[in-house]
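Welcome! Take a look at the picture, then read on.

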Amino acid sequence: MKRDHNHLQPNPDPSSLRGAPSTGKAKVWDEESAQQDCGMDELLAVLGYKVKTSDMAEVAQKLEQLEEVMCNVQDDGISHLASETVHYNPSDLSTWLESMLSELNPPSTFDPFGAAGTAAAALDDSFLVPAESSTLTTLDFDNINRKHQKSGQQIFEEASCSDYDLKAIPGKAIYSQKTQPQTHDSSSSSTPTNVKSEKRFKSTSGPPSPSDIFPPPPPPAAASYGIPTASTRPVVLVDSQENGIRLVHALMACAEAVQQNNLNLAEALVKQIGFLAISQAGAMRKVATYFAEALARRIYRFYPQNPLDHSFSDVLHMHFYETCPYLKFAHFTANQAILEAFEGKKRVHVIDFSMNQGMQWPALMQALALRVGGPPAFRLTGFGPPSHDNSDHLQEVGCKLAQFAKKIHVEFEYRGFVANSLADLDASMLDLRPSEVEAVAVNSVFELHKLLARPGAIDKVFSVVKQMKPELVTIVEQEANHNGPVFLDRFTESLHFYSTLFDSLEGSVSSQDKVMSEVYLGKQICNVVACEGVDRIERHESLTQWRNRLSTAGFSPVHLGSNAFKQASMLLALFAGGDGYGVEENNGCLMLGWHNRPLITTSAWKLTNKTTAISQ
Amino acid sequence: MAGSNEVNLNESKRVVPLNTWVLISNFKLSYNLQRRPDGTFNRDLSEFLDRRVPANINPVDGVFSFDHVDGATGLLNRVYQPSPKNEAQWGIVDLEKPLSTTEVVPVIVFFHGGSFTHSSANSAIYDTFCRRLVNICKAVVVSVNYRRSPEHRYPCAYDDGWAALKWVKSRTWLQSGKDSKVHVYLAGDSSGGNIAHHVAVRAAEADVEVLGNILLHPMFGGQMRTESEKRLDGKYFVTLHDRDWYWRAYLPEGEDRDHPACNPFGPRGRTLEGLKFPKSLVVVAGLDLIQDWQLAYVEGLKKSGQEVKLLFLEKATIGFYFLPNNDHFYRLMEEMNNFVHSNC
């Protein structure tokens, strides 16, 4: 990939034979991936479209069919394709075109109220629990003492459910069709319009699994497909940083010295950085300061203390949540996918690996409450690290959520687990119910990468997740490779990543929020740069890397569609300084970025093969 | 109606390779979905469908890129450069040294197409095109992420283009040659070509030196219907109907297509006589329905006493340069390469 090409020659693409140049400068564009093309047309792949050469004629035919249908139908006929249809993964041209064709020519045998639906309804009746009851249980892994709910605890009040900005999630987010929110009346009204719109939803939201169509994803070496690979390093400079380039170079020189164990030089450079940083303004100065401090810790072997007091780290987390849209985007997009997966399910169970203050769940519960046909019974199992004081943090979170559930008339059950690592988890602890009875979604926001610090941990967790037989697994992770084997590479990647993050915070209105967020991120920087081995938990990896891990572990992608995209965009528009933020669709995943630099990615997954989800 | 469409589809399929036909037809289809009959635009759907790629400071096939944002305006430029000969310098943004102190390295300020409405600097089709340009022309390319219509009408795109030009001219790290200056060319396809023209006019009036303009089937028009528009309407991916839509979305409300932004040498246009306007390379695709306007533009430049070379590619359709699978692509690259190096 790192080759200097001086020659250019036309690609001997079989599909282009008709128009192939026969004269003149016959030069070939030397694509390194020629041998890895998995049958894909390489020229289109580089432009973001995955079409097998052997499928080209068929795709062309679909285009022609669509053109014809669109000409024959009134304007209204296609406008709904734009405004109401949910689109998925536009890179997969064949499937995308097919889904639109079936939109315009719905198959006649489709029955949204098929046997499966009625059977489920019959089962549910026997499990029906009196409305408005919520049960609350906590199993504290380390400490079986229960604490009574503390009233007036400041941390939680800042995230009080009534303050949760549901306006940020417009009504349409709750369902994917353009119907008005129904009343809380749980009796489902199957008017003709409901049937029609639900049918439309179903025909587009359930595309054939891409894994049925596509070969397994190419190995990361296929750099020339134009999709970000592990070795893509996007850099965005804000003009103020032009002057800070010298500072960046000094930081990198210092990191290089550290890498080469030239500690005298490194020490000298770290001091120099301190001086250079002072003359900078804004984000650059702060980022440089954090990185310099982390380098100093590494040089002097003065490693960061044990993880912070839990309540303080909660405070930081909260401010980060308020200041910038990253966490909100993560929660929002994950919830959207979970909502879709829970369509039609009467009992649902969310297993949250990233419970924290439970901020993700009120919005989902609200959306479920407003669902056509009434809310399902909602069970939540949350995981979190142990607290350093004696407070039963997870219990408190659960109580708050239970109160909220009661207010909105959602049957609610809760269980909290305290564990040092997700790898300590076993499926047997979870009281899992049969999947025909209860649909499970597993959710992880910025947690999975921590497991990469310990060999075998991630595989153990994947295997446990499979035993949960989830409908859906939602994963949100930082879009960066901070886990490479070479220290200098990790340093450089994270320097650019956090520079961009800090830059995005500059526009924040509240300076206290900003400072707290910077401290929050600063701790991550310190971990990436100064720690090693099991202590280095901020082992972020890119989407491509996670895709490989997940597909190897037996998961297949579930695509997030244009509805989630649109609503995420609307969410971002609500943030001051929202101009720089952007959502991008990448093969069914959604990425949030700042000035075109993707920073976090939400992806959704399901079991490739449900029947073989046995423990390994 | 359906019958005539069948004829149209078959014709366009005959003149381009199949994968090109698929690519451009897909754009046509998805753009149809995005434009609303009432003149509004489904921006969310457009952003969702657009295939994007991030910048990459690590060289790929001899080219690396990074984004630059003007903090005050939010204007983003994506800079593409040839990878340094010395591998030790890979992955590092150097904003201190000039490109060269001995040789001239052309800097091409590129305005992507999309009829003023679609695409971005980081759209995969344009990112790929710019990378190819860097390699073939041994140039630095700066792709401007100008504001688009209908949210931002005339003259926003020109303003952004002008701001980008000024930014490029003032970067010491883009200087080259013994005369230590930034050797700038303006280039663009479709609406980008139109922007290049108008930015060049502004530059000439402000005495800012631009060494050349490259207009790739530039987007021009006018109120009257020309012969080529009537003959080729709907035949090769593009219709008059959509052209009209995009002009209505870009031009100030209530204006018609004789507005000088659209028709620079038309009844409301002006001569460029006496202006120190850069030499131009105008590339016209023989199957592009607006070629008469592009040819009229060439005539207009000539009448103004300006230097212009016309590259007429008889059998080319719009978008021929997205895939390097046809003769026209290589012809274009050769001409562009010569154009940006002919001054040395």
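This is a predicted model: local features need pLDDT of at least 70, side-chain atom pairs count only at pLDDT 80 or more; totals for chains, interfaces and linings use all residues.

What percentage of the 344 residues in chain B do buried residues make up? The share is 68%.

For the complex, the predictor reports an ipTM of 0.94 and a pTM of 0.82. In chain B the mean pLDDT is 94, and 97% of the residues reach 70 or more.

Chain A averages a pLDDT of 76, with 69% of its residues scoring at least 70. Over residues 1-36 of chain A, pLDDT stays under 50, and the model has 80 contacts beyond four places in sequence for them. Residues 110-230 of chain A also stay under 50, and there the model has 183 such contacts.

## Chain B as a whole

Chain B is built with 10 helices and eight strands. Its C-alpha trace spans about 60 × 45 × 40 Å along the principal axes. A compact globule of 344 residues would have a radius of gyration near 20 Å, and the 19 Å of chain B agrees with that. Consider contacts in chain B between residues at least 6 apart in sequence: 75% of these join residues at least 24 apart.

The chain carries 39 positive and 40 negative side chains, and the centres of the two sets lie 1 Å apart.

## Where the chains touch

Which residues of chain A is Asn26(B) in contact with? They are Tyr49(A), Leu63(A), Leu93(A), Trp96(A) and Leu97(A), leaving aside the neighbours of Asn26(B) within four places in sequence. Asn26(B) belongs to helix H2 of chain B, residues 18-34. Its relative accessibility is 3%, so Asn26(B) counts as buried.

Over in chain A, Asp55(A) sits in the loop between helix H1 (42-46) and helix H2 (56-72). Is Asp55(A) buried or partly exposed? With a relative accessible area of 24%, Asp55(A) is partly exposed. Between Asp55(A) and Ser99(A) there are 16 Å from C-alpha to C-alpha, while in sequence the two are 44 residues apart.

## A covered helix in chain A

Helix H19 of chain A runs over residues 543-552, and its buried residues include Leu543(A), Trp546(A) and Leu550(A). What covers the buried residues of H19(A)? Among the elements of chain A that do so are helix H16 (457-467), strand S7 (472-478) and strand S11 (597-607). After H19(A) comes Gly554(A), with a positive phi near 100 degrees.

## Backbone details to look for

Chain B has two cis peptide bonds to find. One joins Ser149(B) and Pro150(B), with omega about -5 degrees; another joins Tyr154(B) and Pro155(B), with omega about 0 degrees. Pro150(B) is placed in the loop between strand S4 (140-144) and helix H5 (156-169) of chain B, and Pro155(B) also lies in the loop between S4 and H5.

Asn356(A) has a phi of about 45 degrees and lies in the loop between strand S3 (347-352) and helix H14 (361-369) of chain A. Asn356(A) is partly exposed, at 24% relative accessible area. Ser115(B) has a positive phi of about 55 degrees, and its loop runs between strand S3 (107-111) and helix H4 (124-137) of chain B. At 6% relative accessibility, Ser115(B) counts as buried.

Technical notes
Residues are numbered from 1 along each chain as its sequence is written. Chains are lettered from A and ligands numbered from 1 in the order in which they are written. Side-chain values use heavy atoms; hydrogens and water are left out. Helices (H or I, at least four residues) and strands (E, at least two) are DSSP runs, numbered from the N terminus. The radius of gyration is taken over C-alpha atoms; the globule rule is 2.2 Å times the number of residues to the power 0.38. Buried means under 20% relative accessible area, exposed over 50%, partly exposed in between (1.4 Å probe, protein chains only). Contact means heavy atoms within 4.5 Å. Lys and Arg count as positive and Asp and Glu as negative; His and the chain ends are not counted. The place of a charge is taken as NZ of Lys, CZ of Arg, CG of Asp or CD of Glu. pLDDT is the predictor's confidence in each residue, from 0 to 100.
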